[in-house]
Amino acid sequence: GLEEGAKNQFSTFSNFITTINQKKEGIGNRNSPTRLVLPNIKNGRDLPPLCLDVRQKQRMSIDTLPQELKAPFPPEPSLPIRTKTVKDFQDDMEKSKASGDWKAVHNFYSTTFDSFLEINAAFKKDTNSPFNTIEDSGIDAKFVNVVYDALLNTPQDIQKSVLKGIINGLLQEWTGPRTKDDLRAYCILLQNPQFSNTSTYVIYAHLLRQIAALTEADHHFLVHWSKKISQKRFKQVVDRLLQFISLRLFPAKPEEFPPMVKCTWWIPSATKVLALFNAANSMISPPIISYTDFYNSTLDHIDLMEEYHNWQCYGNSHRFSFCQYPFIISIAAKKVIIQRDSEQQMISIARQSLVDKVSRRQKPDMNMLFLNVKVRRTHLVSDSLDELARKKADLKKKLKVTFVGEAGLDMGGLTKEWFLLLIRQIFHPDYVGSDDGCKSLLTELFYSCEKLNWDSFKFVSWLMGLAVYNSITLDIRFPPCCYKKLLSPPIVPCDHNTLVGICGVTLDDLFQIMPELAHGLSELLSYEGNVEEDFYSTFQVFQEEFGVIKSYNLKPNGDKIPVTNRNRKEYVQLYVDFLLNKSIYKQFAAFYYGFHSVCASYALLLLRPEEVEILVCGSPELDMSALQRSTQYEGYQKTDLTIRYFWDVVLGFSLDLQKKLLHFATGSDRVPVGGMADLNFKISKSETSTNWLPVAHTCFNQLCLPPYKNKKELKQKLIIGISNAEGFGLE
């Protein structure tokens, strides 16, 4: 914050206050609102480190702060008595707009924001109540919203008076810990819409700095109070913080801000405060706003690998990195980090293989640099499993696939087809022994290993790991809790006795896998009768394994503990935990270790479970119009008749045919993380006869299209081509 004894560093604040006091015109003749222009404040010291490193295995929960952090509360000073209500304020605003005399409104704003005490006097619901719990901030949110909504429609003098009062509050010398009234003032000031204007950023930065430097206990209160803010206001604060970070990184007018070397603490302070709102958002189910609303796409344009390496090297030291706050990094940017980190691992492994070969005085060859997988299409699953098991030591090398008897060279296209065909066959009923292949695999993964053997668990996890490691998307759907378990923990622990794949699970997770059982448990929770007498259940459950019914106690002596109205929530939680964690531990541990044996990386610490799913499965939206907008042409112009025919036909295709086209041209029917634009799709003119079918180079996402004479001929040849697209040859 603005530390005690550092007044001499803020001389420009004093100059600004003097400027504000020099009023250019009387209150009665004030003009309509104009843009505020505030002088630069170019002094300030570096902020101390702001946050715990995300790599720490045990992070302090915002809900489990020790008592010494929560108490005692410093005594609250007595507040001035202010009696103005929302209606009184609205009446004053209407009178001022009608008469042009803004004196009453000016007095209210200048008084209210003159100090933290005055802010509390105006906006505290009851000035006689302490409101020192996390459950209720004591803020009259309706009054705050009305005052802020009106602020930007007042004359410039009034807006300046508000900023002057905020400066007074920030310049206050703190002689002890912050009171709850101080925290309330911070919470209210963060919602000030004036901070969307870049001319107020110097003041905004100092406000953020003070909030960032608060104690863990104070942050605890701010997080809980923030989750009570309405969705609209919450989103506005988050957007304002993101804009502040973006414009400090890439200012439209650099002269508006102090030099970066003088305000290195601006971005860390804003990011730390944003982290408090992210924590508040994560505490509520469903969250106030989507986790994607915290993404800052501006960060896609900075040196992400430098950020990543700084984080790896310096961790939670004094050096700031956005990777300490992964919620702010978009999934597209995280994909870039993971992809480049994988490439560096591939190069390192290949180099080590070369060194080992040379040290043994053996002749090196190119094949040793890759994970070479040779398979027959007729024995795809068995050949692939044998190859991966035999070459387990090479899983972290660059993958190259060869289909026996075909002349295709793998520049990426064969790899994509191999993944696509494998997933189709693995989920086929003949392989997993069920009418619904996908559901059968999930059932076997989460309930028992009766049909799906251990090799199959490991094989599927290898495929998922190889897909992420080689930047391939798969047509696969696991329930969300699967990805939570894969990130529990995100880095394989050194101690092999440490449990893996154990995560917090809820009834919602069970609904994704066993909807009927989950519905029954939900009915139990809402049952209004006598649970003990009507259900006659205990804390013991039964499960069939290999045709044998076995019993398990959910807690010690569970068979002797009846389920009652009082303990049914505990029963449901223990039952869900048993089904999704304990009963499948061995199976999922094999799955966990198989996945991480391929794509183990610190970059996984940056990911949410939902983001892992997107990396594995790609985007679910197949937007052919977006593909049309981003397509490049070679030999054609986008206005050529053949191209117009092509897009008329494709946009009219069914979803199934559109997927076949995507598979034909790119080797995969999945959309990458960045959307269709990331495909770099190209249509080239083929100088062959129009009797020929279209040709695709899947390694380069390129479609070679002859200049067909009419739309009917193009549609006919295109459908034939994309519907018979297995196999590769050489031109």
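Trainee: Which residues lie nearest the centre of the second largest pocket?
Mentor: Lys335, Gln339, Asn470, Ser471 and Ile472, out of 34 lining residues. A pocket here is an open set of points on a 1 Å grid over the protein atoms alone, where a 1.4 Å probe fits, with protein on both sides within 12 Å along at least five of seven lines; lining residues have an atom within 4 Å of a point. Keep in mind that this is a predicted model: local features need pLDDT of at least 70 and side-chain atom pairs pLDDT 80 or more, while totals for chains, interfaces and linings use all residues. Residues are numbered from 1 along each chain as its sequence is written, and side-chain values use heavy atoms, with hydrogens and water left out.
Trainee: What volume does the second largest pocket have?
Mentor: About 940 Å³, counted as the space filled by probe spheres set on the points, which are joined across faces, edges and corners.
Trainee: And which element gives the most to its lining?
Mentor: Helix H14, with 7 residues. Strand S2 (398-403), helix H16 (413-426) and helix H19 (454-469) also give two or more each. Helices (H or I, at least four residues) and strands (E, at least two) are DSSP runs, numbered from the N terminus.
Trainee: What's the lining like by class?
Mentor: It has 15 nonpolar, 11 polar and 8 charged residues. Domain 2 (434-600) and domain 3 (618-724) each supply at least three residues to that lining; the bounds come from an automatic or database domain assignment.
Trainee: Back to H14. Is Ala333 buried or exposed?
Mentor: Ala333 is found in H14 and counts as buried because its relative accessibility is 1%. Buried means under 20% relative accessible area, exposed over 50%, partly exposed in between (1.4 Å probe, protein chains only). Ala333 touches Asp300 and Leu304, leaving aside residues up to four places away in sequence; contact means heavy atoms within 4.5 Å.
Trainee: New topic: which residues touch the most other members of the largest nonpolar core?
Mentor: Tyr109, Phe277 and Trp418, in a core of 144 residues. That core draws at least three residues from each of domain 1 (86-294) and domain 2 (434-600). A nonpolar core is a set of buried Ala, Val, Leu, Ile, Met, Phe, Trp, Tyr and Cys residues joined through side-chain atoms within 4.5 Å.
Trainee: What does Tyr109 touch?
Mentor: Not counting residues up to four places away in sequence, its contacts include Phe89, Val147, Ala150 and Leu151.
Trainee: How many residues of H6 are buried?
Mentor: 8 of its 11, so mostly covered under the under 20% cut-off.
Trainee: Where is Tyr536?
Mentor: In the loop between helix H23 (531-535) and strand S3 (540-545). At 75% relative accessibility, Tyr536 counts as exposed.

Definitions and conventions: Nonpolar A, V, L, I, M, F, W, Y, C, P; charged D, E, K, R; others polar.
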